Each structure stands twice: as C-alpha cells, then as structure tokens.
Amino acid sequence: MKILRFGLLFLLLACITFTANAQTNSYRHPATGLTFPDSVEGIVRGEVTDYEGKNPGLGVSVAYDRPGITVTVYLYTLGLRSISSDIASPILKDHFNQVIQDIYKVEELGYYKNVKNLAQGTTFLKQDNTGPKALFASLSYVQSGTDRLSKLYLLGHKNHFVKIRFTYDKAVQKYSEETLKQFLNEIGAMLQRNSL
C-alpha cells in the first residue's frame, strides 16, 4: 500500500512539474517584462538570441516560424536611455527610415533582389484599431529565387525599440496575411497589458 501511495505521489508530482514546465516555456524579456509564449497563432517560437552581451544596445531577438513564414521580434535600445512610445517621435521616425534602408543594403550585398517599398505609414497593431500604434512598411523582394513579402513594424515601449518583421512567401500570401492579423492582435494585446 505504501508503494502504491508513493507511486501515486510521484506521478502527481511529475504531473505538477510537467505542468509548471509547460507554463514556463515562454520567454520573458527582463527589461520590458514582455512575455513571449512558445507559439502565437500556430507560429512556433524558435531561438531567442541575446546580442546584448557582445554588442550593448542591440538587445535580443525572438524568432517565430512556420513553413513559408518567418517572424522576428526585436527588443533593443541602441544605447539610448529614453525611447518615446509616441510614433511621431523623431527618434522613432529616423530609426524606422534606417531599418528600411538596411533592407536595401542587404540587397546590395546580394542576398535580396528587386526590393520594392510597397507602402509606408502608421497603423494600429490590433485589428479593432485600439492599443499600440506603430510605424509600418510593406516591402517585396526575391530571396533565393522565392518571391517574398515583408511587413515591418516599429514602436517604442518602456524605453526600448520593438521591431516586428513578418516575412512570408508570396505563394502563401492569403493565408499568411490572415495569420499576420492574428499575430499582431496577440502582440498588440501583450503590449497593452504590459503597459498597465
């Protein structure tokens, strides 16, 4: 009987430990408190890369992907102490222009071909037009023979730049754009909760 109780207790503890591990599978960014789950709308989180140790100010990147879709969320300061959340901020606007120019530099290096800036402006992340707003650009290019579309979003949050790059193959455009809406809704809601 004691062996049976011990076995049941062990099984219960194993289940609790497993549940605790499953719930801690998310990544929490220490400086902002933003928590990234292991998947968002079926897009699975991959590697979290910390650039800060070797290059202070470059922060971290949180990768998500699914066949035909690559998403990276970057959190960084570039060494600035204050980064406004106001999308009219000159610091945000100047940096956003640099982010777009960086894509053209990648083209010059030969990794992309036929880069085109299709649209640029501001947008809400959430589809109900509430919560955080971001600077936005939509680009197209050819990468390794594949036509790709890339959406860029940049905003300030808790004195950090938050840059979202959502890239997908043109062949899966309809599905990817619906997934993009859902992904941005989740990220927008997370930023909104974290602002409280």
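Modeller: Rings of Phe, Tyr and Trp (its six-membered ring) are taken as a pair if their centres lie within 6.5 Å. With that in mind, and remembering that this is a predicted model, we can begin with Tyr64, Phe166, Tyr168 and Phe183, which ring pairs link into a cluster.

The structure holds 7 aromatic pairs. In one of them, Tyr27 and Phe36, the ring centres are 6.4 Å apart and the planes stand at 25°, so this pair counts as stacked; Tyr27 is buried, and Phe36 is buried as well. Phe136 and Tyr153 also form an aromatic pair, with 5.3 Å from centre to centre and 40° between the planes, and this pair is tilted. Because Phe136 belongs to strand β8 (residues 133–143) and Tyr153 to strand β9 (residues 146–157), the pair ties together parts that are 17 residues apart in sequence. Both Phe136 and Tyr153 are buried.

Rings also have charged neighbours here. The charged end of Lys133 sits over the ring of Phe124, at 5.1 Å from the ring centre, while Lys163 lies over the face of Tyr74, 4.4 Å from the centre of that ring.

Returning to the cluster, its member Tyr64 falls within the residue range of strand β5 (residues 60–66), a strand that runs antiparallel to β4 and is joined to β4 by 5 bridges. Among the residues of that pairing, Val44 has Asp65 as its bridge partner in β5. Val44 is also the bridge partner, in β4, of Ser39, and in this way we come to strand β3 (residues 39–40), which pairs with β4 (residues 43–50) in the antiparallel sense over 2 bridges. β3 and β4 form a hairpin with 2 residues between them, and Glu41, in the turn, has a positive phi of about 50°. As background for reading these strands, side chains in a regular strand alternate between the two faces of the sheet.

Leu80 is found in the loop between β6 (69–76) and α2 (90–108).

Definitions and conventions: Residues numbered from 1 in each chain as written. Predicted model: local features only at pLDDT ≥ 70, side-chain atom pairs only at ≥ 80, totals over all residues. Heavy atoms only, no water. Pairing = 2+ DSSP bridges. Helix = DSSP H or I, 4+ residues; strand = E, 2+ residues; numbered from the N terminus. Phe/Tyr/Trp six-rings, centres within 6.5 Å; stacked < 30°, edge-to-face > 60°. Buried < 20%, exposed > 50% of the residue type's maximum accessible area, 1.4 Å probe, protein only. Lys NZ or Arg CZ within 6 Å of the ring centre and 35° of its normal.
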